[in-house]
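Here are my notes for you to read with the model open beside them. Take the points one at a time and find each residue as you go.

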Amino acid sequence: MRSFDYSPLYRTTVGFDRLFDMLENSVRSDWPPYNIEKNGDNDYRITMAVAGFGLDEVELVQNGPELSVIGQRKPDQQHREILHRGLAIGNFKQVFKLADHVKVKAANIHNGLLSVDLVREVPEELKPRRIEIGSNAAAVPLQDGGNKQSMDVDAEPQRKVA
C-alpha cells in the first residue's frame, strides 16, 4: 500500500498537524490482519493475528476514544542466518477509533490470536427513559393571595353576553 509524505505541507501550513496525523493513520497496512465482530447490541470483539508475539510483546492502551494495539518484538538473541524471510513478524501499531462509552472488557492471546472484548456502557442518566403522563381530571388547586381556590379543568369558560 502506498503511503503519502505530508512533510512538505507541514512547512506551509499552521494548525493542520492533527489533520495530517489523521490522514497518515487512516492509511493502514494489511498487517496484522484483524476482524471486528458485533456479538450483541452492546458487545464487540476485535480479533488480531499476532502469531509469534508473546504476552509481554503486545500492549493495549485505551486513551479516550482510541484503542491502540502495539506489538514490539524483543531483539533476537540467537545469531542465525535466515535464507528466506516469509513470516511477517515485524513491529506494528494499530489504532482503532471507539464510539462514545465503549470500553475494553477483556483481552487475551490464544493460539496466536489476540481477542479484545469491548462493551458499550451507557450511563443511566444518558439512556432514554419513559416518562409517565398523569391525568388529573379533578380540580387543579390555584392560589390567589393566600386563598386556595379550585378550578374544574373540564368546565368550559363562561362567556360574556353583550
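1. Let us start with the salt bridges: the structure holds four of them. The term stands for a side-chain nitrogen of Lys or Arg within 4 Å of a carboxyl oxygen of Asp or Glu. Please keep in mind that this is a predicted model, in which local features need pLDDT of at least 70, side-chain atom pairs count only at pLDDT 80 or more, and totals for chains, interfaces and linings use all residues. Residues are numbered from 1 along each chain as its sequence is written, and side-chain values use heavy atoms, with hydrogens and water left out.

2. One of these salt bridges joins the side chains of Arg45 and Asp117, with 2.6 Å from N to O. Arg45 belongs to strand S2 (residues 43-49) and Asp117 to strand S7 (residues 113-120), so this pair ties together parts that lie 72 residues apart in sequence. Is each partner buried or exposed (buried means under 20% relative accessible area, exposed over 50%, partly exposed in between, with a 1.4 Å probe and protein chains only)? Asp117 is buried, at a relative accessible area of 15%, while Arg45 is partly exposed at 28%.

3. Next, look at Asp56 and Lys74, whose closest N and O atoms are 2.4 Å apart in another salt bridge. This pair links distant parts of the chain, 18 residues apart: Asp56 sits in the loop between S2 and S3, and Lys74 in the loop between S4 and S5. Asp56 counts as exposed at 56% relative accessibility, and Lys74 as partly exposed at 48%.

4. Lys127 and Glu124 also form a salt bridge, and here the closest N and O atoms are 3.3 Å apart. Glu124 is exposed, with a relative accessible area of 60%, whereas Lys127 is partly exposed at 37%.

5. Now step back to the whole protein, which has two helices and nine strands. Both kinds of element are DSSP runs numbered from the N terminus: helices are H or I with at least four residues, strands are E with at least two. Along the sequence the pattern reads α-α-β-β-β-β-β-β-β-β-β. Of the 162 residues in the protein, 17% are buried.

6. Which strands make up the open sheet? Three do, in the order S3-S4-S5, with antiparallel pairing. S3 and strand S5 (92-97) stand at the edges with a single partner strand each, so one side of each has no neighbour in the sheet. Two strands pair if DSSP finds at least two bridges between them.

7. Follow the pairing strand by strand. Six bridges join S3 (residues 58-63) to S4 (residues 66-71), and Leu60 stands opposite Val69 in S4. The hairpin of S3 and S4 has two residues between the strands, and Gly64 there takes a positive phi near 65°. S4 and S5 also pair over six bridges in the antiparallel sense, with Leu67 opposite Phe96 in S5.

8. Finally, Lys74 turns up again in the lining of the second largest pocket, where Asp76, His79, Arg80 and Leu87 are also among the residues. The lining divides into three nonpolar, four polar and five charged residues. Ala, Val, Leu, Ile, Met, Phe, Trp, Tyr, Cys and Pro count as nonpolar, Asp, Glu, Lys and Arg as charged, and the others, Gly among them, as polar. A pocket is an open set of points on a 1 Å grid over the protein atoms alone, where a 1.4 Å probe fits, with protein on both sides within 12 Å along at least five of seven lines; lining residues have an atom within 4 Å of a point.
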